[in-house]
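Please look through the structure below before reading my notes.

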Amino acid sequence: MAMEFSKVAECYSKIESISSRNQMTGVLAEFLRKVPMDEIPCFVYLTQGKLRPDYEGVELGVAEKMALRALSAASGATAEKAREIYVKEGDIGSAAELLLGRRSQGTLYSEQLTLRRVYDSLMKVARHSGEGSVESKQKEIVSLLNDASPLEAKYIMRTVTGVLRLGLADYTVLDAAALAFLGDRKERPKVERAYNIHPDLGFVVQTVASKGAAGIQRIRVKVGVPIRPMLAERLDSAEAIMKKMGEKKVAAEYKLDGERLQIHKDGKTVVLFSRRLEVITSHYPDAVRLVQENIAPDAAILEAEVVAVNPDTGEYLPFQELMHRRRKYGVEEAMAQYPIALNFFDVLLEGTKDVTGEAYSARRKALSRVVKNTERTRLVPSLGSSRPQEIEDFMEEAISNGCEGLVVKDPGSPYRAGAREFAWIKLKREYRSELADTMDLAVIGAFHGKGRRTGSYGTYLLAAYDQERALYTSVAKVGTGFTDEDLSRIPKLLKPYGSKVRPADVEAKMEPDVWFRPHLVIEVIASELTLSPIHTAAIGRVRPGAGLSLRFPKFTGKVRDDKRGEDATTVAEILGMYNGQLKKVAGPR
Ligand code: ATP
């Protein structure tokens, strides 16, 4: 029996009404057991407001304008009325529910919607492109709305406009899958392991549902499917790092300031994934050629930092130079003007062999077998040492060679996909100065500029991500550090995310002139963290009624387009920094 969409909508509604993650997991697990096996992937993607895993790049994101037109067509309300209700409600879903609830009897929905039909229609909406696509998309949405109950319409409209946000993090879905099909949410690590090396939530949940624990254990890394990257923790001295790693010989490596690439080679085919696992092959045709020419095995998955280099000296150039590659046109010119070098630092698949389980020292050896050392392809410089002073000196050397610092690695550690742990530890100079650290924050609003900035934005309201509450909380208002180019570029980048009202997942006390849905992430540096009555990050966590904010924030020039809103610095990290800072300010006596 095909799953009715009304049941899905009821499940969503139930999930929305509970705030305990435990209960959410329970409700989801119970529901997952009822979904027919072949419909599990559709259901799972939809709970995330998606149609396919992110790395396949299937985007829904129907614009507000089209959504309102469809609503007005399906409900019989005028376009003005539909907009008025939307602005009042501040949410397209609630507006849809209200408007369709007022439909006259004659237009009451006729055919029961199924999960499959909703999914297939949304897929068509996403896939229509080119001439006439606006009309076709709208027709598809109106047809769904015509058969939808008000509650169903609420969730359909939130999904098509990309604002579903049930608060079901990937991990909650993995928990629920473990509970539903392995009998206990404590079994999540098994499901999670599979997800980390094959981050297709629909596929993983369906595999555990159909094949159980043994089935997901058989999932292996696969060329063409990106692996969630291993991430680094941070400490502020080589000595602290040595202590943490147990005073043994570690591998200290240059931390290059470029873009992380996960490189999948399958015969002559090369696919490049970004840090957030998007396909970015077209940005680097030269990297593709370098891989085809200099990587020995027929199949391989490798990680490298791509850095722009001075063609005359081979020196590393700053990160900004790479950004010329982001232009849609003119990649060829950028390639000639800003050549790149691939600096390899890991290997996950060598030929047919999955080497993620091997110790780093063995992987590094494999890497030197796999990569032909040329001017443009090389292994990241590395030093084996157990002496803090030697490591500090190596860091100075790295910095003077244009790097950010070091990544110190535990030579005994396997590749821990998706984990930020102390097997990799960043050591950057900034962390050693008392109160300076960079943060990656989501832009949630802006204030109009004056004087030289008339016509652009003068300052931006920035947010940290509160993972526990799935909310973006304001932490700083920043106006310095922007060049003229930034002042014209950033508003353009923000344009698609503009919002008339405060987005539902944003918490702020300030009222900027314009709100933005939290997508764009920029890097800022600040002198310290302070308690603030007007910001909401970590509100009440240090002192009742007060949040944390940045003192003297400054834009560093980096738009982190390799990060999503959710990858912004988290409230937990900021609290950690605040507490760390306190220790430092109090200092050893
Ligand atoms: P940051 O903002 O400091 O770049 P991040 O959140 O993007 O951090 P982290 O895991 O904290 O990611 O830092 C590791 C990043 O450093 C990697 O994503 C990679 O792009 C870069 N990097 C540069 N050199 C190395 C190296 N030798 N080994 C691993 N990562 C490296």
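This is a predicted model: local features need pLDDT of at least 70, side-chain atom pairs count only at pLDDT 80 or more; totals for chains, interfaces and linings use all residues.

The numbered points below go from the domains to the ligand and its surroundings.

1. Domains. The domain assignment divides the protein into domain 1 (5-160), domain 2 (231-432) and domain 3 (437-586). Between domain 2 and domain 3, the contact is made by 13 residues from domain 2 and 13 residues from domain 3. The C-alpha centres of these two domains are 29 Å apart.

2. Area between the domains. The size of an interface is often given as the accessible area lost when the parts come together. For domain 2 and domain 3, the buried area is about 1200 Å². Carbon and sulfur atoms account for 39% of that area.

3. Where does the ligand lie relative to domain 2 and domain 3? Residues of the shell around the ligand come from both domain 2 (231-432) and domain 3 (437-586), so the ligand lies between them.

4. Residues of the shell. The ligand is surrounded by 20 residues, and the closest are Ala232, Arg260, Glu305, Lys409 and Lys426. By class, the shell holds 12 charged residues, 8 nonpolar ones and no polar ones.

5. Strands of the shell. Which strand gives the most to the shell around the ligand? The answer is β11, with 4 residues. At least two shell residues come from each of β1 (231-234), β2 (250-255), β10 (405-409) and β11 (420-428).

6. Ala232 places a backbone N or O atom 2.9 Å from an oxygen atom of the ligand. Glu253 has a polar side-chain atom 2.9 Å from a nitrogen atom of the ligand. In Lys563, a polar side-chain atom lies 3.1 Å from a ligand oxygen atom.

7. Cover of the ligand. How much of the ligand's exposed area does the protein bury? Taken alone, the ligand exposes 600 Å², and the protein buries 94% of that.

Conventions:
Residues are numbered from 1 along each chain as its sequence is written. Side-chain values use heavy atoms; hydrogens and water are left out. A residue is near a molecule or strand if one of its heavy atoms lies within 4 Å of it. A polar contact is a pair of N or O atoms within 3.5 Å; within protein, one must be able to donate a hydrogen and the other to accept it, and residues adjacent in sequence count only if both atoms are side-chain atoms. Accessible areas come from the Shrake-Rupley method with a 1.4 Å probe; for residues, only the protein chains shown count as cover. Ala, Val, Leu, Ile, Met, Phe, Trp, Tyr, Cys and Pro count as nonpolar, Asp, Glu, Lys and Arg as charged, and the others, Gly among them, as polar. Domain bounds come from an automatic or database domain assignment. Contact means heavy atoms within 4.5 Å. Buried area is the accessible area (1.4 Å probe) that two parts lose on being put together, summed over both.
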